Amino acid sequence: MTVRFSVTVTQVNEDGSEAPLDGELAAALAGPAEQFAGLAAWAADEAGYLDHGEREELIGQEGRELQRRLLQATFDIDAAREQRADGVTSAAGIRHGIVEAGHGRGLASVFGPVRITRLAYRNRREPNLYPADARQVLPGDPYSLGMRALAAFHLAAGGFGQAQEVIEARTGVTVGRAQLTGLAGDLAAWTGDFYEERSRDAEEEEQPDSDVIMMQGDGKGIALRPEHRKGGGTDPAHPGIKKMAEVVAVAGFTPAVREPEDIAAPPARRKAHPGPAARDKWVAASITESIEDMITAAYDDAGRRDPQRVRQRVFLVDGNKQQITAIGDQAGARNLKVPVLIDYIHVSGYIGKAAAALHPGDPQAAGQWADGQLLRVLHGRAKAVAATLASVAAKTRANPRTGHLDLTDVDRAVTYLENNREHMRYDKALEKGWPIATGMIEGACRFVIADRFVFSSAGHVAFCPLRSQTVLVRYSSASYRHPCAGPFGCGEFELSGVPGGASRRPGILDRGRRRVRQGRRRRPVLVRSPLRP
């Protein structure tokens, strides 16, 4: 049995009578009608020989072609009905009086490629003008708004390669890597103005004088492409596979007074006594600016938030001496008193490794011992803890039964505590309601910097700016500036010296520190990242 299906499109008049379509309209709709008739005939006959999966696949393919033909028909109808306009002038005020018909351009839509024909208004001194493109809100490149939305969705969730595969499977259109990169940059370009406006709004909002401005500083290595490593990366001692990105963050918070036991406590108590919640977060990173420049940027943002200098400022770092020196220099130059705190998670990592070295093969004992020393540190007794570690290490080495143990991690912990003990007054910080960990910037380093940037040379970083929106929409103010290209959208993440930024969804502190905490096999002292939802 052969089934034939035909579709007739007629024009219904106001009195209810039907009349044939005019030639131009009939020609434009002939393609969609033919495709629909073919699908209907297939459903009545050949579909019976296929299983449901094969039916889904064929209807998806042929249905997309029907949609493509319908979209093409709308553009064909627009072209047939376009009327010549008078007085078309350019932005410079130059009149374009020569009109030519039949100028076409392609458009890659979510249904497939279509062709658009419209009138061109010409002038020898300027490029052609196409008023029809403005009426239809056509972009300057070949990709439709639907394609842009599809690209934005998949770029925010995955890599370029994955986005290419999904877009091709969904639309039948192959988008090159360079074109996809350009789309990502174009889609993110608006965010700079958006967040700059939010930043201005934040400046106008009055915060209580009792609130505190928190600044944080850190660094994160960015992987160098092999062809740009020093000496080709062949030197085992100096492979040159990383380049350091300097990162700073600023946020405001209302103090939340806690006790040391609230930090090293069961989850129920920690939940009953939560730490201060950061707001109005701002993060900036650079691979070209120095540590001093980035610390200056953090102070500048704090000054924007509190130009009258009535709010307390506090700076959290991981113990980098150059950062601490730059923080002190900036505070002195601005006539400010800014306490500097060492990230407590860094301290717990050092003590955790030291405990594991002193109790090899017994993670439970190591965890209990580390918990006791960490509680002493939280009470502001870092110097005493360093002395305890040094004493225990000396006795362990002197004991014939334990002298063979490798206590390098213990020595490192002692040195770290002794060098930074003046910045470990956690008892005072908790009493004043300040945070004691750099979760905000650690999350940015882990998920915004390390996972998504690949540094290739002094002026280029491979990135996807759209993916920064996944994390950075959580911030309330920031900007992006490229020294050569001017303002460029990368959400709220400021990336000086690179053509963009990227990220993935946020989480807790970086992978390395998770391993340290888990290795103790005890209930860890968790400091959750403010980036975590």
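1. Helices (H or I, at least four residues) and strands (E, at least two) are DSSP runs, numbered from the N terminus. By that rule the protein has 19 helices and 15 strands.

2. This is a predicted model, in which local features need pLDDT of at least 70 and side-chain atom pairs count only at pLDDT 80 or more, while totals for chains, interfaces and linings use all residues. Residues are numbered from 1 along each chain as its sequence is written, and side-chain values use heavy atoms, with hydrogens and water left out.

3. Of the 533 residues of the protein, 44% count as buried (buried means under 20% relative accessible area, exposed over 50%, partly exposed in between, with a 1.4 Å probe and protein chains only). Taking contacts (heavy atoms within 4.5 Å) between residues at least 6 apart in sequence, 71% join residues at least 24 apart.

4. An open sheet is formed by 3 strands in the order 3-4-5, with antiparallel pairing; two strands pair if DSSP finds at least two bridges between them. Because strand 3 (98-109) and strand 5 (126-129) stand at the edges with a single partner strand each, one side of each has no neighbour in the sheet. From one strand to the next, the twist averages 40 degrees.

5. Between strand 3 and strand 4 (residues 112-123) there are 10 bridges, in the antiparallel sense. H103 has R118, in strand 4, as its bridge partner. Helix 2 (residues 52-81) packs on the sheet and touches strand 3 and strand 4, its direction making about 15 degrees with that of strand 4. Axes here are lines fitted to C-alpha atoms, for helices over the stretch in contact, and angles run from 0 to 180 degrees between N-to-C directions.

6. Helix 1 (residues 23-44) packs with helix 2 at an angle of about 170 degrees, the axes being 8 Å apart. Helix 1 is therefore roughly antiparallel to helix 2 (angles under 35 degrees count as roughly parallel, over 145 as roughly antiparallel, 65 to 115 as roughly perpendicular and the rest as oblique).

7. D262 lies in helix 8 (residues 260-263) and is buried, with a relative accessible area of 4%. A polar atom of the D262 side chain is 2.8 Å from the backbone nitrogen of E259.

8. Q164 belongs to helix 5 (residues 160-171). Leaving out residues up to four places away in sequence, Q164 touches V175, G176, R177 and L180. Q164 and T174 are 10 residues apart in sequence, and their C-alpha atoms are 7.0 Å apart.

Technical notes: A polar contact is a pair of N or O atoms within 3.5 Å; within protein, one must be able to donate a hydrogen and the other to accept it, and residues adjacent in sequence count only if both atoms are side-chain atoms.
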